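Here is a short briefing to read alongside the structure. Take a look at the chain first, and then we can walk through how its parts meet.

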Amino acid sequence: MAAGAGGDDLKLLGMWASPAVLRVRLALSIKGVSSYEYQEEDFDNKSELLLRSNPVHKMVPVLIHAGKPVCESTVIIQYLDEAFAGDGRPALLPADPYERAVARFWAAFIDDTLLKAMYQASWSKTEEEKVEGKKKVAAALKTLDGALRDVAGGKPFFGGDAPGYVDTVLGGLLAWARSMDVINGVKTIDPVTMPLLAAWADRFGALDAVEAVTPDVNRLVEFSLSLTT
């Protein structure tokens with residue numbers, strides 16, 4: 001079993017294509033927590049364990065640690081960072097209270113602004129709404145490009161010299177962004193208009209801990225196209 005504070009049995013309920021689930025798998029991988037059970041969920045036939053563990057939203061991801069469920073991807077990541085601290089494991093959130101607050105701000109920006117725009121760009125009913133969504137995606141990504149310069153101080157990751165909380169939250173969206181690039185024939189993270197973020201995406205995606213859990217882009221493309229037919 002994975003070592004760490006309260007390192008009893010660990011189980012993750014997920015769905016392979018979910019960006020939120022990927023965030024949790026990235027956090028586990030980056031922190032070096034490899035001994036956990038993964039249970040794939042069928043959204044058309046959700047397990048009793050999922051319904052019992054997340055009765056409010058009935059959605060993945062759900063982390064079950066020592067029989068206790070933790071829900072919502074960003075909450076799970078923060079929980080993992082605290083429950084599996086020490087023993088040489090990297091910290092995802094900074095130790096400094098102010099820096100930790102800044103990281104949480106940018107994680108919230110990713111969910112409240114970027115993620116909502118990505119959904120609008122991909123799943124809106126009209127082309128006009130999709131076009132507007134794409135504009136919002138580009139604006140949010142340019143803001144994050146500026147954050148790498150101004151907040152991260154030009155370091156390779158939002159977390160500094162190593163990937164941290166914001167990298168994990170944003171990194172969960174990378175595979176989906178790349179699948180959309182294939183489908184739409186354009187780069188979501190444009191290296192011309194957002195060079196720092198594009199370099200970050202390549203750097204983060206090339207990490208062994210990230211490659212180990214990232215779904216195949218072509219499989220995501222097939223899955224995404226199947227949802228629109």
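This is a predicted model: local features need pLDDT of at least 70, side-chain atom pairs count only at pLDDT 80 or more; totals for chains, interfaces and linings use all residues.

Across the interface of domain 1 and domain 2, six residue pairs are in polar contact, both partners having pLDDT 80 or more. On the side of domain 1 that touches domain 2, the elements giving two or more residues are α1 (19–30) and α3 (73–83). Of these, α1 gives the most, with eight residues. The residues on that side divide into nine nonpolar, three polar and two charged.

**The two domains**

- The protein is divided into domain 1, residues 10–84, and domain 2, residues 97–227.
- Their C-alpha centres are 21 Å apart.
- In terms of contacts, 14 residues of domain 1 meet 22 residues of domain 2.
- The size of an interface is often given as the accessible area lost when the parts come together.
- For domain 1 and domain 2, the area buried between them is about 1,700 Å², with 69% of it on carbon and sulfur atoms.

**The salt bridge across the interface**

- How many salt bridges does the rule find across the interface of domain 1 and domain 2? It finds one, while the structure as a whole holds six.
- The side chains of Arg23 and Asp111 meet in a salt bridge, with an N to O distance of 2.6 Å.
- This pair links distant parts of the chain, as Arg23 sits in helix α1 and Asp111 in helix α4 (residues 97–123), 88 residues apart.
- With a salt bridge cut-off of 4 Å between nitrogen and carboxyl oxygen, the 2.6 Å of Arg23 and Asp111 qualifies, so the pair counts.

**A closer look at Asp111**

- Which residues does Asp111 touch, not counting those up to four places away in sequence? They are Arg23, Thr74 and Lys116.
- Thr74 is 37 residues from Asp111 in sequence, and their C-alpha atoms are 9.5 Å apart in space.

**The annotated span**

- An unreviewed UniProt entry carries the annotation "domain: GST C-terminal", which covers residues 96–224.
- That span, residues 96–224, is 71% helix and 0% strand.
- The C-alpha atoms at the ends of residues 96–224 lie 40 Å apart.

**Backbone details to check**

- Most residues other than glycine have a negative phi, and most peptide bonds are trans.
- Where is there a cis peptide bond? One joins Val60 and Pro61, with omega about 5°.
- Pro61 belongs to the loop between α2 (48–53) and β3 (62–65).
- Ala66 has a phi near 55°, a positive value in a residue other than glycine.
- As for its place in the chain, Ala66 lies in the loop between β3 and β4 (68–71).

Notes. Residues are numbered from 1 along each chain as its sequence is written. Side-chain values use heavy atoms; hydrogens and water are left out. UniProt positions are given in the numbering used here, feature names are shortened, and annotations may be inferred rather than shown by experiment. Helices (H or I, at least four residues) and strands (E, at least two) are DSSP runs, numbered from the N terminus. Domain bounds come from an automatic or database domain assignment. Contact means heavy atoms within 4.5 Å. Buried area is the accessible area (1.4 Å probe) that two parts lose on being put together, summed over both. A polar contact is a pair of N or O atoms within 3.5 Å; within protein, one must be able to donate a hydrogen and the other to accept it, and residues adjacent in sequence count only if both atoms are side-chain atoms. Ala, Val, Leu, Ile, Met, Phe, Trp, Tyr, Cys and Pro count as nonpolar, Asp, Glu, Lys and Arg as charged, and the others, Gly among them, as polar.
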